[in-house]
Amino acid sequence: MATERTRLVETLREDEFQTVAQLSAALKIDEATVAEHLQQLEQDGLPLQSASDCGFRLLEGIAPIDAENLVEELEKAAFPYARQVEILDTVDSTSDWLSRQQSGGVDIHGKACITEFQSAGRGRRGRNWRGSPYCHLMFSMGWRFQKEDVEMTGLSLSVGVAVADSLRNLSGAPVGLKWPNDLFLYGRKLAGFLPSVTQRGSSVRQLRIGFGLNICNPVPIEGIALDQLDRVGSHDPARWTAEILLALDRCQQIGGDGSWCLPALNRLLWAKQIQHPKDGRTWMISGVASDGALQLHHGTRYEEWRRWSS
């Protein structure tokens with residue numbers, strides 16, 4: 001059942017201002033609660049315009065994820081975990097939510113936690129990872145693996161390849177992979193993914209993959225969102241969610257250490273050269289090694305990165 005906050009967003013219009021009293025009557029929620037939700041949505045970053053004499057309206061069309069439609073799409077595509085999808089209006093972090101479920105004894109293999117807004121999401125190196133509510137796709141999914149540590153980098157990159165190919169096919173845009181965890185388009189960040197593992201000895205027991213995709217949220221100059229692409233016909237978050245979950249499932253079914261993705265990975269790399277962060281020189285990108293390391297050279301000098309150098 002949709003939350004009050006989600007119902008409010010579904011009731012707001014792009015082409016018409018509505019007062020708190022009008023929204024309250026439409027939703028059968030008291031005016032104080034409506035006003036509180038609107039204030040929080042503005043603070044969270046919803047593209048909302050307010051006018052003291054007119055009320056509120058959306059600055060662009062926004063569609064919350066339709067849970068029933070998403071499950072139906074996944075079941076049509078024979079996604080084996082369609083009924084394990086959880087859609088939350090707000091959460092601190094989808095990855096932390098899955099971690100709490102696991103700590104409580106829940107098997108999170110195949111379980112996806114999708115949220116319209118997360119207040120404490122984390123990206124690579126602990127950076128803040130959040131977006132405007134109802135304007136992006138953010139989720140985490142649990143997988144169970146029996147892999148050695150050295151295989152995990154290749155496995156992570158195979159996830160990037162599977163999702164990049166899915167986005168390319170669906171959008172028609174040349175989505176590329178910025179090693180190791182970002183998806184780029186026209187030199188700007190479109191999406192990011194972050195695997196985290198639970199280990200026992202040298203064997204990885206559980207993998208959680210966090211994913212974020214810009215759909216129609218405001219982005220900085222170094223970012224890009226799907227609604228900036230003329231060729232993308234639909235911004236329906238359920239459609240994009242289903243496609244990416246199916247891509248992850250295909251990746252899991254292929255299995256292995258991820259080495260199957262290397263030919264495609266080298267084709268999808270976002271650049272041919274980069275400026276080395278230590279010496280400031282331009283280094284050429286040779287490709288990706290079988291263990292997932294990024295290979296670079298400058299003249300006769302050669303390096304392999306297993307994490308982004310700084």
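Helices (H or I, at least four residues) and strands (E, at least two) are named here as DSSP runs, numbered from the N terminus.

This is a predicted model, in which local features need pLDDT of at least 70, side-chain atom pairs count only at pLDDT 80 or more, and totals for chains, interfaces and linings use all residues. Residues are numbered from 1 along each chain as its sequence is written, and side-chain values use heavy atoms, with hydrogens and water left out.

1. Lys-111. This residue sits in the loop between α5 (94-103) and β4 (112-115). Its relative accessibility is 10%, so Lys-111 counts as buried; the term buried means under 20% relative accessible area, exposed means over 50%, and partly exposed is in between (1.4 Å probe, protein chains only). With residues up to four places away in sequence not counted, Lys-111 touches Gln-84, Glu-86, Trp-97, Leu-98, Gln-101, Val-106, Ser-140, Met-141 and Gly-142. Contact here means heavy atoms within 4.5 Å.

2. Helices α1 and α2. The axes of α1 (residues 4-11) and α2 (residues 20-27) come within 11 Å and cross at roughly 115°. Axes are lines fitted to C-alpha atoms, for helices over the stretch in contact, and angles run from 0 to 180 degrees between N-to-C directions. Arg-7, Leu-8 and Thr-11 of α1 make the contact with Leu-23, Ala-26 and Leu-27 of α2.

3. The buried side of α1. Arg-5, Thr-6, Leu-8 and Val-9 are the buried residues of this helix. They lie on the same side of α1 because they cover an arc of only 155° around the axis, the arc being that of the directions from the helix axis to the C-beta atoms. Their cover includes α2, α3 (31-44) and β2 (55-58).

4. Helix α4. Leu-70, Val-71 and Leu-74 are buried in α4. Seen down the axis, the buried residues of α4 fall within an arc of 95°, so they line one face of the helix. An α-helix has 3.6 residues a turn, so residues three or four places apart point the same way. Glu-68 and Lys-76 are exposed on the other side of α4. Among the elements covering the buried residues of α4 are β3, β4 and α7 (237-254).

5. Ala-78 has a phi near 60° and lies in the loop between α4 (67-76) and β3 (85-88). Tyr-134 has a phi near 70°, and its place is in the loop between β4 and β5 (136-148). Are these two residues buried or exposed? Ala-78 counts as exposed, at 59% relative accessibility, whereas Tyr-134 is buried, with a relative accessible area of 3%.

6. The β6-β7 hairpin. Strand β6 (residues 176-178) and β7 run antiparallel and are joined by three bridges; two strands pair if DSSP finds at least two bridges between them. The hairpin they form has three residues between the strands. Gly-176 has Phe-184 as its bridge partner in β7. Pro-180 lies in the loop between β6 and β7, and a cis peptide bond with omega of about 0° joins Trp-179 and Pro-180.

7. Cover on β7. Both faces of strand β7 (residues 182-185) are covered, with Asp-182 and Phe-184 buried on one side and Leu-183 and Leu-185 buried on the other. In a regular strand the side chains alternate between the two faces of the sheet.

8. Val-175. The loop between α6 (152-171) and β6 holds Val-175, which is buried, with a relative accessible area of 1%. Val-175 and Leu-185 are ten residues apart in sequence and 4.9 Å apart in space, C-alpha to C-alpha. Leaving out residues up to four places away in sequence, Val-175 touches Ala-164, Leu-167, Arg-168, Leu-183, Phe-184, Leu-185, Leu-190 and Leu-268.

9. The four-stranded sheet. This open sheet has the strand order β10-β11-β12-β13, with antiparallel pairing. β10 (273-275) and β13 (301-305) stand at the edges, each with a single partner strand, so one side of each is left without a neighbour in the sheet. From one strand to the next, the twist averages 35°. Within the sheet, β11 (residues 282-288) and β12 (residues 294-298) pair over four bridges in the antiparallel sense. Ile-285 stands opposite Leu-296 in β12.
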